[in-house]
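Colleague: I'm new to this one. Can you walk me through it?

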Amino acid sequence: MTDTPDQPADAGAPDSPYVPDEVVAQDGVGVPDPFMRLWTPHRMAYIEGENKPTSDAAGSGCPFCRLPGLPDSDALIVHRGGSAYAVLNLYPYNPGHLMVVPYRHVADYTELTAAEVADVATLTRQAMHAIRTVSGAHGFNIGMNQGEIAGAGIAAHLHQHVVPRWSGDTNFMPAIAHTKVLPQLLPDTRALLAKSWPSEP
């Protein structure tokens, strides 16, 4: 079999349940293309700013202040430390994408206390261990967006992203199979990571 734009080399047998009979181009408004769509309407809540804080104040209006008051399973909290906690991202870039968040409502990294800095660092390291244990991540993107201008979705409450990465995670599926998948429900991911969280820093 030879590669063509419409027939990738690894497309599989014609009767494979993982290969569609044909890729139907969009018929209507827009530019027709060969991409299959995985509809993710839950992301509209993020895009439209649903439940986003209307002010920078601490309290129940801030999700990062509110989550620690909920049961771990409801809040998707993976682990609680002394000064910070680790929680799954509701809108993950990759499976296992979590955030390390100080309990205290603080916007800027320079405002953290020494204890908070240490706890954020410890939880980040523990998160990497746990994610590698359950998924064999090849690498990580770790960082925080400081301020709305830098892309922080909730700029008033600091949070550090821990995003697991795998070889080809942004290449093979989108480029060859024309899809992007998140293969596990968030509560299942939370349970796996919580079970594998290391007891020592």
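Modeller: What follows is a quick tour by question and answer.

Colleague: What kind of model is it, and what should I know before reading numbers?

Modeller: It is a predicted model: local features need pLDDT of at least 70, side-chain atom pairs count only at pLDDT 80 or more, and totals for chains, interfaces and linings use all residues. Residues are numbered from 1 along each chain as its sequence is written, and side-chain values use heavy atoms, with hydrogens and water left out.

Colleague: Okay, the sheet. What is the strand order?

Modeller: β1-β2-β3-β5-β4, in an open sheet of five strands with antiparallel pairing. Strands (E, at least two residues) and helices (H or I, at least four) are DSSP runs, numbered from the N terminus. Two strands pair if DSSP finds at least two bridges between them.

Colleague: Which strands are at the edges?

Modeller: β1 and β4 (139-143), each pairing on one side only.

Colleague: How much are neighbouring strands turned against each other?

Modeller: By 20 degrees on average, direction ignored. Axes here are lines fitted to C-alpha atoms, for helices over the stretch in contact, and angles run from 0 to 180 degrees between N-to-C directions.

Colleague: Which helix packs on the sheet?

Modeller: α4 does, touching β1, β2, β3, β4 and β5 (160-165). Its direction makes about 20 degrees with that of β5. Contact means heavy atoms within 4.5 Å.

Colleague: And how many bridges join β1 to β2?

Modeller: Three, and the two strands run antiparallel. Ile77 stands opposite Val87 in β2.

Colleague: Back to α4. What does Thr124 touch?

Modeller: Thr124 lies in helix α4. Leaving out residues up to four places away in sequence, Thr124 touches Val100, Ile142, Gln160 and Val162.

Colleague: Is Thr124 buried or exposed?

Modeller: Thr124 is buried, with a relative accessible area of 7%. Buried means under 20% relative accessible area, exposed over 50%, partly exposed in between (1.4 Å probe, protein chains only).

Colleague: New topic. How many salt bridges does the structure hold?

Modeller: Two. A salt bridge is a side-chain nitrogen of Lys or Arg within 4 Å of a carboxyl oxygen of Asp or Glu. In one, the side chains of Asp72 and Arg80 meet at 2.7 Å, N to O. Asp72 is partly exposed at 28% relative accessibility, and Arg80 is partly exposed at 32%.

Colleague: What does Arg104 pair with?

Modeller: Glu116, with the closest N and O atoms 2.8 Å apart. Arg104 lies in the loop between β3 and α4, and Glu116 in helix α4, so the pair ties together parts that are 12 residues apart in sequence. Arg104 is partly exposed at 37% relative accessibility, while Glu116 is buried at 6%.

Colleague: How many disulfides are there?

Modeller: Zero, from a search of the whole structure. A disulfide is a pair of cysteine sulfur atoms within 2.5 Å. For Cys62, the nearest cysteine sulfur is that of Cys65, 3.8 Å away. Cys62 is buried at 1% relative accessibility, whereas Cys65 is partly exposed at 23%.

Colleague: Last one, α6. Which residues are buried there?

Modeller: Thr189, Arg190 and Leu193, in a helix that covers residues 186-196. Seen down the axis of α6, these buried residues fall within an arc of 100 degrees, so they line one face of the helix. That arc is taken from the directions from the helix axis to the C-beta atoms.

Colleague: What covers them?

Modeller: The cover includes α3 (72-75), β1 (77-80), β2 (84-88), β3 (98-102) and α4 (114-135).
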